Amino acid sequence: DGKAEITCTVPGVPAGLGFLPGGAPIVTDMHNRALTRCSDGVASTYADLSAVTGTIDDMTTDGTGRAYVGDLGFDLKAGIKQGPYGRIVLVEAGRPPQIVADGLDFPNGIAISADGRQLVVAETNGGCLARFHVHGDGSLDFDARFGDFRTPDGVCFDKEGAVWVSLLDEESFVRVAPDGRI
């Protein structure tokens, strides 16, 4: 009906959002370094990432319920650091969180292709996108960095496999085709 509705109030500073296979949302809590699950209007801790992360930011989920969470690799409250401190943390129900990628410069928006075989993350301070191959067990292999932007942020794939990128400083959205054309 076009009216906003609050379905769950989450603690801390929410940033990334994903959905589990049953439809329940999970949300990153940036500074408390946890994932919060919302079920029937009640927020609860889904995963505590404090032992493996700095400040967490964006995230995405795949069709099996795995969450890929961007870890800045430093405490954002202490100030932004330039450099390859960032990582991606894989969270799966019933398993301990694990680092599946590192060496990222402020990992921000994260997206998984429709076929689940590629993951792209915006490196906001690096001014580019990083592409990874996703294996059946959820692990990632780095493929390439592409694009040249000032401050890429949110990303998503379209049905043709292109990546849409929101650019903070450029105040625009751009589409990067699979062959790299913008």
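Here's a quick briefing on some strand pairings and nonpolar cores in this model. The model is predicted, so to speak of local features takes pLDDT of at least 70 and side-chain atom pairs count only at pLDDT 80 or more, while totals for chains, interfaces and linings use all residues. Residues are numbered from 1 along each chain as its sequence is written, and side-chain values use heavy atoms, with hydrogens and water left out.

- Strands here are DSSP runs (E, at least two residues) numbered from the N terminus, and two of them pair if DSSP finds at least two bridges between them.
- E14 (residues 163-167) has four of its five residues buried, meaning under 20% relative accessible area with a 1.4 Å probe, protein chains only.
- E13 (residues 152-157) runs antiparallel to E14 over four bridges, with Cys 156 opposite Trp 164.
- Five residues sit between E13 and E14 in their hairpin, and Gly 161 in the turn has a positive phi of about 85°.
- E14 also pairs with E15 (residues 172-176), antiparallel over five bridges, and there Trp 164 stands opposite Arg 175.
- The E14 and E15 hairpin has four residues between the strands, with Glu 171 at a positive phi near 50°.

**Nonpolar cores**

- A nonpolar core is a set of buried Ala, Val, Leu, Ile, Met, Phe, Trp, Tyr and Cys residues joined through side-chain atoms within 4.5 Å.
- The largest one has 14 residues, and those with the most contacts inside it include Tyr 68, Leu 119 and Phe 132.
- E7, E8, E9, E10 and E11 each supply at least two residues of this core.
- A second, separate core of 13 residues includes Leu 129, Phe 149, Leu 167 and Val 176.

Note on methods
Buried means under 20% relative accessible area, exposed over 50%, partly exposed in between (1.4 Å probe, protein chains only).
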